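Thanks for asking me to look this one over. Here are my notes, as numbered points you can follow with the structure open beside you.

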Amino acid sequence: MTYRDQLLTCSKCGRKFVFRVEEQRNMADKGLEIEPPTLCPECRRQEIMGPGLHSGVIKWFNAEKHFGFIEQSDGSDIFFHHTAVAPEDLPKIAERVAVWYEVESSDRGPQAINVHVRE
Ligand SMILES: [Zn+2]
């Protein structure tokens with residue numbers, strides 16, 4: 001059997017995503033039938049982790065001042081404090097690192113909480 005990258009459309013957000021050869025091989029290796037997923041990787045992750053989860057990238061982080069900003073998928077920035085980051089992920093927080101987070105409103109406006117590095 002030969003595998004080929006397939007360009008699919010997410011049934012939830014409508015974004016195009018690639019069903020990669022490696023994923024297809026993985027399924028085959030596990031003895032699963034190769035069925036194209038209906039959701040993009042991001043929506044699949046949200047299904048698992050709950051609807052309140054967002055993805056973004058670290059715009060900058062000042063370790064001395066203990067805070068930084070995440071660039072959200074819509075292009076706007078959101079504040080985060082280093083206590084919002086999972087302790088095991090804190091050393092990995094740096095510019096352009098992709099993260100998952102939730103949004104909480106505080107008296108100074110929305111801020112990101114439960115920040116995790118995307119693997
Ligand atoms: Zn999607």
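This is a predicted model: local features need pLDDT of at least 70, side-chain atom pairs count only at pLDDT 80 or more; totals for chains, interfaces and linings use all residues.

1. Cys10 and Cys40 are 30 residues apart and link distant parts of the chain. Cys10 sits in the loop between β1 (6–9) and β2 (16–19), while Cys40 belongs to the loop between α1 (21–29) and α2 (41–49). Both Cys10 and Cys40 are buried.

2. Helix α1 deserves a moment too. Its buried residues are Val21, Glu23 and Gln24. Viewed down the axis of α1, the buried residues fall within an arc of 165°, so they line one face of the helix. As background, an α-helix has 3.6 residues a turn, so residues three or four places apart point the same way. After α1 comes Gly31, with a positive phi near 75°.

3. On the overall layout, the chain is divided into domain 1 (6–48) and domain 2 (54–117). The C-alpha centres of domain 1 and domain 2 are 27 Å apart.

4. Now to the aromatic rings: the structure holds 5 aromatic pairs. One of them joins Trp60 and Phe67 edge-to-face, with 5.7 Å from centre to centre and 65° between the planes. Trp60 is partly exposed at a relative accessible area of 34%, and Phe67 also counts as partly exposed, at 22%. How are the rings of Phe61 and Phe80 arranged? Their centres are 5.6 Å apart and their planes meet at 20°, so this pair is stacked.

5. Where do Phe61 and Phe80 lie? Phe61 is in strand β3 (residues 54–62) and Phe80 in strand β5 (residues 77–81), so their pairing ties together parts 19 residues apart in sequence. Phe80 has 0% relative accessibility and therefore counts as buried, the cut-off being under 20%. Ring pairs also link Trp60, Phe67, Phe69 and Phe79 into a cluster.

6. His66 is not a glycine, yet has a positive phi of about 65°. His66 lies in the loop between β3 and β4 (67–72) and is partly exposed, at 35% relative accessibility. Asn114 is not a glycine either, and its phi is positive at about 50°. Asn114 is found in strand β7 (residues 109–117), where it is partly exposed with a relative accessible area of 38%.

7. Finally, please check Leu90, which is in the loop between β5 and β6 (98–106). Leu90 counts as partly exposed, with 28% relative accessibility. How far apart are Leu90 and Val115 in sequence and in space? They are separated by 25 residues in sequence and by 9.1 Å in space, C-alpha to C-alpha.

Terms used
Residues are numbered from 1 along each chain as its sequence is written. Side-chain values use heavy atoms; hydrogens and water are left out. Helices (H or I, at least four residues) and strands (E, at least two) are DSSP runs, numbered from the N terminus. Buried means under 20% relative accessible area, exposed over 50%, partly exposed in between (1.4 Å probe, protein chains only). Rings of Phe, Tyr and Trp (its six-membered ring) pair if their centres lie within 6.5 Å; planes under 30 degrees apart count as stacked, over 60 as edge-to-face and the rest as tilted. Domain bounds come from an automatic or database domain assignment. The arc is that of the directions from the helix axis to the C-beta atoms.
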